[in-house]
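Hi,

Here is the structure I promised to pass on. Have a look at it first, and then read my notes below.

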Amino acid sequence: MRLTLTTWNINSVRLRIELVADFLQSVQPDVLCLQETKCPDDAFPLKRLKQLGYEHVALNGQKGYHGVAIVSKLPFDATDIRVFCDKLDSRHISVAFGAKAGLAAPLIVHDFYVPAGGDIPDPEANPKFAHKLSFLDEMKSCEPLHPRGDARHILVGDLNVAPHENDVWSHKQMLKIVSHTPIECEKLLAVQSEGNWIDVARERIPLSEKIYTWWSYRAADWAASNRGRRLDHIWVSSALKDAVSDYQVLRDARGWERPSDHVPVTVVLDV
DNA sequence: ATGGTGGCATGGCCA
């Protein structure tokens with residue numbers, strides 16, 4: 001079975017529900033993982049998604065900030081929410097696909113919204129940066145994020161770190177900018193290696209090539225200046241390494257009317 | 001070096 005999965009930081013799902021609808025109609029992913037929904041669960045635009053054939057939705061939202069959701073054509077066998085750093089922020093949700101989705105073996109999808117970390121890259125001076133670093137440390141020690149053997153797991157989301165030199169427009173100019181400081185890059189890569197995760201983007205596109213998934217709203221002309229960062233990630237467990245058949249960053253979406261500052265990132269797998 | 005834009009608890013946060 002061919003499974004198409006997209007991750008997208010939507011920056012308000014209610015404001016951009018028609019962008020989501022257009023995307024779903026054109027790309028038709030089986031599963032869409034959203035971040036920054038900024039929407040309480042009882043206000044989530046379920047009806048519009050059901051009209052489009054996405055009848056299964058797992059929600060972890062809150063008013064105004066953060067919020068993650070998994071929207072799916074396929075039913076879930078189970079859903080779970082984890083709390084990090086003892087904060088009630090809505091930053092994680094996971095679902096398990098299995099028999100109900102017609103799969104012989106389970107497939108777990110984790111959807112994350114890692115804290116952005118504020119502006120000052122010093123955990124002493126900036127509690128938001130301290131929170132980000134602690135969050136990454138907890139992800140590293142989180143047992144459910146350590147798929148072993150033939151376990152089939154996918155971890156996606158806005159991880160708010162661009163870990164490699166060509167994940168940002170200028171490595172040198174970004175070294176003291178939160179999202180590309182050495183400490184957080186090391187911590188994100190430690191999460192990755194602790195769980196034996198495979199970074200799908202860098203499995204397919206060499207480290208020498210630039211990849212971005214986010215462009216600031218503050219640029220006068222985002223496309224001309226092209227000062228992007230790769231903040232949105234798709235990782236798969238080693239059992240799924242050879243299952244990946246495609247990976248796409250939909251850069252065009254940054255140029256849509258009233259866009260999110262992040263674009264959809266899509267993977268296709270044989271499951 | 002600074003400030004630039006966008007969203008929502010619409011006014012001060014957060015990104």
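Let me start with a helix pair: α3 and α5 cross in the left-handed sense. Bear in mind that this is a predicted model. The axes of α3 (residues 127-141) and α5 (residues 182-194) come within 8 Å, with a crossing angle of roughly 15°. Angles under 35 degrees count as roughly parallel, so that is what α3 and α5 are to each other. On the α3 side the contact involves F129, K132, L133, L136, D137, M139 and K140, and α5 brings in I183, E184, K187, L188, A190, V191 and E194. Sorted by type, the residues of this contact come out as eight nonpolar and six charged, with no polar ones.

Next, the strand β12 (residues 232-236). Five of its five residues are buried, so the rest of the structure largely encloses β12. D232, I234 and V236 point one way from the strand, while H233 and W235 point the other way. β12 has antiparallel pairings with β8 (residues 153-158), over five bridges, and with β9 (residues 198-199), over two bridges. If you want landmarks for these pairings, D158 sits opposite D232 and I198 sits opposite V236.

Last, helix α1 (residues 17-27). Its buried residues include I17, L19, V20, A21, F23 and L24. Among the elements covering them are β1 (2-9), β2 (31-35), α2 (46-51) and β14 (265-270).

Cheers

Technical notes. Residues are numbered from 1 along each chain as its sequence is written. Chains are lettered from A and ligands numbered from 1 in the order in which they are written. This is a predicted model: local features need pLDDT of at least 70, side-chain atom pairs count only at pLDDT 80 or more; totals for chains, interfaces and linings use all residues. Side-chain values use heavy atoms; hydrogens and water are left out. Buried means under 20% relative accessible area, exposed over 50%, partly exposed in between (1.4 Å probe, protein chains only). Helices (H or I, at least four residues) and strands (E, at least two) are DSSP runs, numbered from the N terminus. Contact means heavy atoms within 4.5 Å. Two strands pair if DSSP finds at least two bridges between them. Axes are lines fitted to C-alpha atoms, for helices over the stretch in contact, and angles run from 0 to 180 degrees between N-to-C directions. Angles under 35 degrees count as roughly parallel, over 145 as roughly antiparallel, 65 to 115 as roughly perpendicular and the rest as oblique. A crossing is left-handed if the near helix is turned anticlockwise from the far one by less than a right angle, and right-handed if clockwise. Ala, Val, Leu, Ile, Met, Phe, Trp, Tyr, Cys and Pro count as nonpolar, Asp, Glu, Lys and Arg as charged, and the others, Gly among them, as polar.
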